[in-house]
Amino acid sequence: MEEYNKFDWKTNEKWLQYFVNIDIVSAPGVDTELALERVKRRWYKKHVDPNIEFPVEAVPDPPEESAANRSSSTNTSSSTSSNTNSNRNSSTTNNASYNASQNTTYNANQNTLKNILYYPWLVANVFLLLNSLVLIYFGDLSYRYILYCTITTCLINLLTIYGLPQLNKEYWIRIITNDSTYYILLSLVLMSNPMILLVVPILTIYALFNLTSNLVEVLPRRFPSNHPINVKFTSKLFLLNALSMPAYYGAAWLEVSLFPFLFVTVLLGQNSILLFFMYWQFISQRY
């Protein structure tokens, strides 16, 4: 339970992608906080720690009241109580209806936005991979296209998870602390400096396995099991996606290795000190 209590629900992308697709309706007699907690526990057990055991929480009974107090209370406040309860029930019902409609509208808008942005995200990842393959032929041009594609995919990730920009503090705090934002800023700074080849395999690994993990989920839902696309590609994608964790560890190792490399290039005057401090912030945030 200690790891569960420390889990960062506000910045975990997989949880946030799942959360925007669920609808916990506020209604009379429904404890929305308890319902959300149950959803979190099921998701955590499935995706993070299958062996975790949660304690069974008993719902306490309402306090007992003596017969004398109950009868006197009933005689003195029956009319006031009925009016108050009537107003409270009416208000609760109205609030529940409003919250339910708001949640439904938000989820519908979010799903529409995800559907609109899915194909641009797909194209940007494929284009990034293609430019990684032809980098040796086109050099700096392909390198810049890789950075442009990284900015595009990261921006789409932010919009998919958090929705369109909102005028509230919590929204922007989540945006600022997300890894995608750091990749956008880092890519912008990299564009104003000479090409750093060590960046390319890092971005390529993330693009490749983000793409394969997405297609592994999407293709079986969009095509029948006996469709040629599923028959030919899905099993191969599963095999490729099985290598994702070692590849991500390799990308993380490259990210850390890039830090001393940038320090040396700054001392040699090949890169700006702004890039070094930007990358230091980036590494501090991620590790």
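Where is the place of Asn-193? Select Asn-193: this residue sits in the loop between α8 and α9. Helices here are DSSP runs of H or I with at least four residues, strands are runs of E with at least two, and both are numbered from the N terminus.

This is a predicted model, in which local features need pLDDT of at least 70 and side-chain atom pairs count only at pLDDT 80 or more, while totals for chains, interfaces and linings use all residues. Residues are numbered from 1 along each chain as its sequence is written, and side-chain values use heavy atoms, with hydrogens and water left out.

**The whole chain**

Show the protein as a cartoon. The secondary structure comes to 12 helices and zero strands. Of the 287 residues, 34% count as buried (under 20% relative accessible area, with exposed over 50% and partly exposed in between, for a 1.4 Å probe and protein chains only).

**Asn-193**

Return to Asn-193 and display its side chain. Asn-193 is buried, with a relative accessible area of 8%. A polar atom of this side chain lies 2.8 Å from the backbone oxygen of Val-189. The Asn-193 side chain also reaches the backbone nitrogen of Ser-272, at 3.0 Å. Beyond its neighbours within four places in sequence, Asn-193 is in contact (heavy atoms within 4.5 Å) with Asn-271, Ser-272 and Leu-275.

**Ile-196 and the core**

Next, select Ile-196. Leaving aside neighbours within four places in sequence, its contacts are Tyr-143, Leu-190, Leu-258, Phe-261, Leu-262, Asn-271 and Leu-275. Ile-196, Tyr-44 and Leu-190 touch the most other members of the largest nonpolar core, which has 60 residues. Such a core is a set of buried Ala, Val, Leu, Ile, Met, Phe, Trp, Tyr and Cys residues joined through side-chain atoms within 4.5 Å. Colour helix α6 (residues 140–162), which gives the most to this core, with 11 residues.

**The cavity**

How many cavities of 30 Å³ or more does a search of the whole structure find? The search finds one. A cavity is a set of points on a 1 Å grid over the protein atoms alone where a 1.4 Å probe fits but cannot get out, and lining residues have an atom within 4 Å of a point. The largest cavity has a volume of about 80 Å³, taken as the space filled by probe spheres set on points joined across faces, edges and corners.

Select the lining, which includes Leu-147, Ser-187, Leu-190, Glu-255 and Phe-282. Helix α8 gives the most to this lining, with four residues.

How values were computed:
1 Å grid on protein atoms, 1.4 Å probe; cavity = no way out; pocket = protein on both sides within 12 Å on 5 of 7 lines; lining within 4 Å. Polar contact = N/O pair within 3.5 Å; in protein donor to acceptor, adjacent residues only side chain to side chain.
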